[in-house]
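Colleague: Please show me how to read a structure of this kind, one feature at a time.

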Amino acid sequence: MNYRTLGKTGWKISEIGLGTWQVGGGWGSPFDPKVAEDILHAAFDRGINFIDTADVYDAGLSEAAVGEAVRQRSEKIYVATKCGRRIQPHINETYSVEKLRRHVEDSLRNTGLNRLDLIQLHCPPTSVYKRDEVFGLFEKLRAEGKIAAMGVSVEKVEEAKMAMEYDVVSTVQVIFNMFRQKPAEELFRLAFAKNIGLIVRVPLASGLLSGKITPETTFSKDDHRHFNRDGKAFDKGETFSGVPLEKAFPAIEELRSVFEGEGALAAIALRWILMYDEVSVVIPGASKSSQLESNVNAGQLPPLTNEQMLAVKTIYDKYIREEVHQFW
């Protein structure tokens, strides 16, 4: 495992982390604490020391499983969680420091930890990023010893730029992958200049970049890839990175030809992200140990060549850019 620095926190974290939306459940499956426990300990055993969860993942069960597993280990595991999505309706007018404080304290109880390493605003409405009192709350929570650091999980690059104006913000979590390249063009340089840690989520575009989804693939009714393609439940950019499937499949075929004979597309897609030095950690999910093993091994692949990097950008420009670039 290779380790990188998480921005101004100074923490040395594994460049491959673990996102826990799927751990033990998620995407329409009931939560299984034993599966979650097995995957978490397998991740720790392989050198992963950065875990990303949220209070809304399986209604707090993910946080509880993460906290339980972390407390069983002797090595330092950094726990990042999120708050804000429980606020309904999810609009600026319903956000309050009282609710956010209560949710942070709920996360402390869920995890059983004395302090949260990293708390992140969970994709709030854009107007929230302009509210000084919201960010001031996290300065108070840090002073109280309830959190060590604060970050934001954003939908849009412009939201990240607004958040980085606050000194309390140490990290930005953003969607970045072969099908969502705008952050590298507009965000990475600014984050580096401000010493902001970059956490990359949805690295495989909801499985598209695994190469295993075909036009014939179906999803259960409780899977967001079935019900959220048009953004009916939350931002549609979280589902397939907002890419229409009819554009994704020809792009994937061209990616296969570029990397023919070089192994699984999923691993290459993760390695592509790690080619960007500004990225602190990428957090693919895993619903079984074999996926975890593949994720970890991706970090050990040789660097992509300049020609391969250019080919990925050319495919993005040809099929994907007009579908996503201006929206996020």
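This is a predicted model: local features need pLDDT of at least 70, side-chain atom pairs count only at pLDDT 80 or more; totals for chains, interfaces and linings use all residues.

Colleague: In which sense do strand S6 and strand S7 pair, and over how many bridges?

Modeller: Strands of a sheet pair through backbone hydrogen bonds, either parallel or antiparallel. Here strand S6 (residues 116-122) and strand S7 (residues 147-153) are joined in the parallel sense by six bridges. Two strands pair if DSSP finds at least two bridges between them; helices (H or I, at least four residues) and strands (E, at least two) are DSSP runs, numbered from the N terminus.

Colleague: In what order do the eight strands of the open sheet stand?

Modeller: The order is S3-S4-S5-S6-S7-S8-S9-S10, with parallel pairing. Strand S3 (18-19) and strand S10 (279-282) are at the edges; each has a single partner strand, so one side of each lacks a neighbour in the sheet.

Colleague: Which residues touch the most other members of the largest nonpolar core?

Modeller: In soluble globular proteins, nonpolar side chains tend to be buried together. In this model the largest nonpolar core has 97 residues, and Phe135, Phe138 and Phe179 touch the most other members. Helix H10 (residues 265-274) gives the most to this core, nine residues. Apart from this core lies another, of 11 residues, including Tyr78 and Ile283. A nonpolar core is a set of buried Ala, Val, Leu, Ile, Met, Phe, Trp, Tyr and Cys residues joined through side-chain atoms within 4.5 Å; buried means under 20% relative accessible area (1.4 Å probe, protein chains only).

Colleague: Which residues of H9 are buried?

Modeller: They are Leu245, Ala248, Phe249, Ala251, Ile252 and Leu255. These buried residues pack against H10 and helix H12 (306-324), where contact means heavy atoms within 4.5 Å. The length of H9 (residues 245-258) can be checked as well: at 1.5 Å a residue its 14 residues should span 20 Å, which agrees with end C-alpha atoms 20 Å apart. The expected span is 1.5 Å times one less than the number of residues.

Colleague: How far apart are the ring centres of phenylalanine 176 and phenylalanine 188?

Modeller: A pair of aromatic rings is described by the distance of the centres and the angle of the planes. These centres are 4.8 Å apart and the planes stand at 70°, so the pair is edge-to-face. Phenylalanine 176 lies in the loop between strand S8 (169-175) and helix H6 (182-186), and phenylalanine 188 in helix H7 (residues 188-193), so the pair ties together parts that are 12 residues apart in sequence. Both phenylalanine 176 and phenylalanine 188 are buried. Rings of Phe, Tyr and Trp (its six-membered ring) pair if their centres lie within 6.5 Å; planes under 30 degrees apart count as stacked, over 60 as edge-to-face and the rest as tilted.

Colleague: Which residues does a cis peptide bond join?

Modeller: Most residues other than glycine have a negative phi, and most peptide bonds are trans. The cis bond joins glutamine 88 and proline 89, with omega about -5°. Phi of phenylalanine 240 is near 55°, a positive value in a residue other than glycine. Phenylalanine 240 lies in the loop between H8 and H9 and, at 2% relative accessibility, counts as buried.

Key
Residues are numbered from 1 along each chain as its sequence is written. Side-chain values use heavy atoms; hydrogens and water are left out. Buried means under 20% relative accessible area, exposed over 50%, partly exposed in between (1.4 Å probe, protein chains only).
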